[in-house]
Amino acid sequence: MINEAMASGLPIVASRDGGAAETLLVEGRNSFLFDPMQIDSIREAMQRLASSSTKTRREMGVASQRLLADRMPTARFGQGMSRLNTDVQVRHPDPMLARD
């Protein structure tokens, strides 16, 4: 869900423990991160976002889109999946899919 929110141009509130926090999230730039074991930390992160100005939230949303595009480019992912699919088909042709 974090990738989708970032692609939609939203600022993120997320746990520091998730994989996205290491790869896609920068505290204060596109996200407010919290310690999932500390209720006060969650509350504070949500309050920071809620009290941010509209301008700041928009800037964070733009930063989310840029970070996602830079760090997880969908075009490269699609190209990789296409190569994998072709490789699997070449190595393991399925006679059920053969065309006459």
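This is a predicted model: local features need pLDDT of at least 70, side-chain atom pairs count only at pLDDT 80 or more; totals for chains, interfaces and linings use all residues.
Residues are numbered from 1 along each chain as its sequence is written, and side-chain values use heavy atoms, with hydrogens and water left out.

The chain contains five helices and two strands. Helices (H or I, at least four residues) and strands (E, at least two) are DSSP runs, numbered from the N terminus. Along the sequence, these elements follow the pattern α-β-α-β-α-α-α. Of the 100 residues of the chain, 26% are buried; buried means under 20% relative accessible area, exposed over 50%, and partly exposed in between (1.4 Å probe, protein chains only). Contact means heavy atoms within 4.5 Å. Among contacts between residues at least 6 apart in sequence, 47% join residues at least 24 apart.

Helix α3 covers residues 39–51. Its 13 residues reach 18 Å from the first C-alpha to the last, close to the 18 Å expected at 1.5 Å a residue; the expected span is 1.5 Å times one less than the number of residues. Within α3, the residues S41, A45 and L49 are buried. They cover an arc of only 70° around the axis, which puts them on the same side of α3; the arc is that of the directions from the helix axis to the C-beta atoms. An α-helix has 3.6 residues a turn, so residues three or four places apart point the same way. The other side of α3 carries the exposed residues I39, M46, A50 and S51. The buried residues of α3 pack against β1, β2 and α4.

Helix α4 (residues 54–71) has 18 residues, which should span 26 Å at 1.5 Å a residue, and the 25 Å between its end C-alpha atoms agrees with this. Its buried residues are M60, G61, A63, S64, L67 and L68. Seen down the axis of α4, these fall within an arc of 165°, so they line one face of the helix. The face turned away from that buried side carries the exposed residues K55, R58, R66 and D70. The buried residues of α4 pack against α1 (2–7), β1 (12–15) and β2 (31–34).

Strand β1 includes S15. Leaving aside neighbours within four places in sequence, S15 is in contact with A21, L33, F34 and P36. A polar atom of the S15 side chain lies 2.9 Å from the backbone nitrogen of D17.

Key
A polar contact is a pair of N or O atoms within 3.5 Å; within protein, one must be able to donate a hydrogen and the other to accept it, and residues adjacent in sequence count only if both atoms are side-chain atoms.
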